[in-house]
Amino acid sequence: MVDQPDVTEDIHILLVDDENDFRQIIAKRLKRRGIEVREADRGEKALQMLEDAPVDVVIMDVKMPGMDGIECLKRIKEKYDLLEVIMLTGHADIHGGVEGIKSGAFDYLSKPIELEHLVRKIKQAFHKIQRILAEKEARAFKEQVQQQMVVAERLVALGTMASGVAHEINNPLAVIQDSAGWLQQILEKPDMQGIPRRDDFNKGLERINKAVKRAGKITQQLLQAVKTQTTEMADPSTFVEVDLKKLSEEAITLVEPEAALKNIVIHLETKEPRLSAWTDSLQLLQVLLNLLSNSIQATEEGGRIIVRLNAAMEEAKIIVKDTGCGISKENISRIFEPFFTTKEADQGTGMGLYVSWGIITGLGGLISVESEVNKGTTFTITLPVKK
């Protein structure tokens, strides 16, 4: 078996024992090993401390006044499925240790405790948690990729059809626009100035022109989207190392006037001193602006939008989270389809997220969404960090 790395600095434990001298000595010795230790003298206090701040491992005596260790263990496992518990028993109390294992404890040790043995058990419990978290993340990523593949196949088929439709629509649009212009010229002639309801004719032609422009804009976006979707990868020559914090600040600055109209505050959060991705800055900015604009439209006055930057191994994540109206379960699987929108007809064409999906895919990344009606929506962009 491969030995685990000798790392204790990131381990946080809660030591629960009613024997003050024993507890304080063990805590002091563990702290010398770089382990962060909090202490509790009874089960009830331990549960309260876990509510206030999480830990990785609990070390707990089986026999304590009030709530004993077994009962406390059961309550911990009910609420904190990833938290591991190591039970401490008296030398002759093997039954208590076995009962702890049956109730979900990681392991048990008999007093008096041999410190090196205790440290090894703490590390083993901690690494078990790390493995479980890594496996969960891997499964989530796999599901995300599979979801993207399903969407990709659907969009390729739609894109092929949409390309032909867009070209066919452009021809009659041109005829309508030319005819409307010709009628407008006739109405401007001197002998037409006194015709009945001339203003109504002008209003009708104006509405025709607006509708033609809107239809033209939709077909232009559709053709651009199809071009994006059929490109396997964006031109690598345009890729540079992009500072995601600066790019996010630029995007927020551009949409802040729109957000201010609804008294919406946009926060940028990041724990990384500098987080970058290898990508096309202009295309990424276009996607980020679209997501922020959507969030502003979906969020009620006085709401909040958070842009969060995270790093995960060889990937960088841009998360846009709002407190808006959310997306229903029946609609969330369709939001990356062309022309699909829940907005009013004059507020959106249903092409923004379709184009954004194509851009991020072309950049070698992923875009995913989570949402709950009346609570908000979260979009996550995942990008490669290196070439």
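**Chat about a predicted model**

Biologist: Where does pLDDT stay under 50?

Modeller: Over residues 1-5. For that stretch the model has three contacts beyond four places in sequence. This is a predicted model. Where pLDDT is low, the coordinates should not be read in detail.

Biologist: And the mean pLDDT of the protein chain?

Modeller: The mean is 83. Of the chain's residues, 83% reach 70 or more.

Biologist: OK, on to the sheet. What is the strand order?

Modeller: The order is 7-9-10-12-11. Those five strands make an open sheet, and the pairing is mixed.

Biologist: Which strands stand at the edges?

Modeller: Strand 7 (265-270) and strand 11 (366-372). Each has a single partner strand, so one side of each has no neighbour in the sheet.

Biologist: How much twist from one strand to the next?

Modeller: It averages 15°.

Biologist: How do strand 9 and strand 10 run, parallel or antiparallel?

Modeller: Antiparallel. Eight bridges join strand 9 (residues 304-312) to strand 10 (residues 315-322). As one example, isoleucine 305 has aspartate 322 in strand 10 as its bridge partner.

Biologist: Which strands does helix 7 touch?

Modeller: Strand 7, strand 9 and strand 10. Helix 7 covers residues 244-260 and packs on the sheet. The direction of helix 7 makes about 170° with that of strand 7.

Biologist: What about helix 8?

Modeller: Helix 8 (residues 281-298) packs on the sheet too. It touches strand 7, strand 9, strand 10, strand 11 and strand 12 (376-384). The direction of helix 8 makes about 25° with that of strand 10.

Biologist: Changing topic. How many salt bridges does the structure hold?

Modeller: There are 18. One of them joins the side chains of aspartate 17 and lysine 111, at 2.8 Å from N to O.

Biologist: Where do aspartate 17 and lysine 111 lie?

Modeller: Both are in loops. Aspartate 17 lies between strand 1 (12-16) and helix 1 (20-32). Lysine 111 lies between strand 5 (107-110) and helix 5 (115-187). The pair therefore ties together parts that are 94 residues apart in sequence.

Biologist: Is that aspartate 17 buried or exposed?

Modeller: Buried, with a relative accessible area of 0%. Lysine 111 counts as buried as well, at 14%.

Biologist: Which residues are linked with them in a network of salt bridges?

Modeller: The network links Asp17, Glu19, Asp61 and Lys111.

Biologist: And what does lysine 79 form a salt bridge with?

Modeller: Glutamate 51. Their closest N and O atoms are 2.0 Å apart. Lysine 79 is in helix 3 (residues 69-79) and glutamate 51 in helix 2 (residues 43-52), so the pair ties together parts 28 residues apart in sequence. Lysine 79 is partly exposed, at 49%. Glutamate 51 is also partly exposed, at 47%.

Biologist: Next, helix 4. Which of its residues are buried?

Modeller: Gly96, Gly97 and Gly100, within residues 94-102. They cover an arc of only 100° around the axis, so they sit on the same side of helix 4.

Biologist: What do the buried residues of helix 4 pack against?

Modeller: Helix 3, strand 4 (84-89) and strand 5. The face turned away from the buried side carries the exposed residues His95 and Lys102.

Biologist: What follows helix 4?

Modeller: Glycine 104, with a positive phi near 110°.

Biologist: Now arginine 198. Where is it found?

Modeller: In helix 6 (residues 198-229). Arginine 198 counts as buried, at 14% relative accessibility. Leaving aside neighbours within four places in sequence, arginine 198 is in contact with Leu187, Glu188, Met192 and Gln193.

Biologist: Last one. How far apart are asparagine 170 and threonine 219 in space?

Modeller: 7.3 Å, C-alpha to C-alpha. In sequence they are 49 residues apart. Asparagine 170 is in helix 5. Asparagine 170 counts as partly exposed, at 27%.

Note on methods: Residues are numbered from 1 along each chain as its sequence is written. This is a predicted model: local features need pLDDT of at least 70, side-chain atom pairs count only at pLDDT 80 or more; totals for chains, interfaces and linings use all residues. Side-chain values use heavy atoms; hydrogens and water are left out. Two strands pair if DSSP finds at least two bridges between them. Helices (H or I, at least four residues) and strands (E, at least two) are DSSP runs, numbered from the N terminus. Axes are lines fitted to C-alpha atoms, for helices over the stretch in contact, and angles run from 0 to 180 degrees between N-to-C directions. Contact means heavy atoms within 4.5 Å. A salt bridge is a side-chain nitrogen of Lys or Arg within 4 Å of a carboxyl oxygen of Asp or Glu. Buried means under 20% relative accessible area, exposed over 50%, partly exposed in between (1.4 Å probe, protein chains only). The arc is that of the directions from the helix axis to the C-beta atoms. pLDDT is the predictor's confidence in each residue, from 0 to 100.
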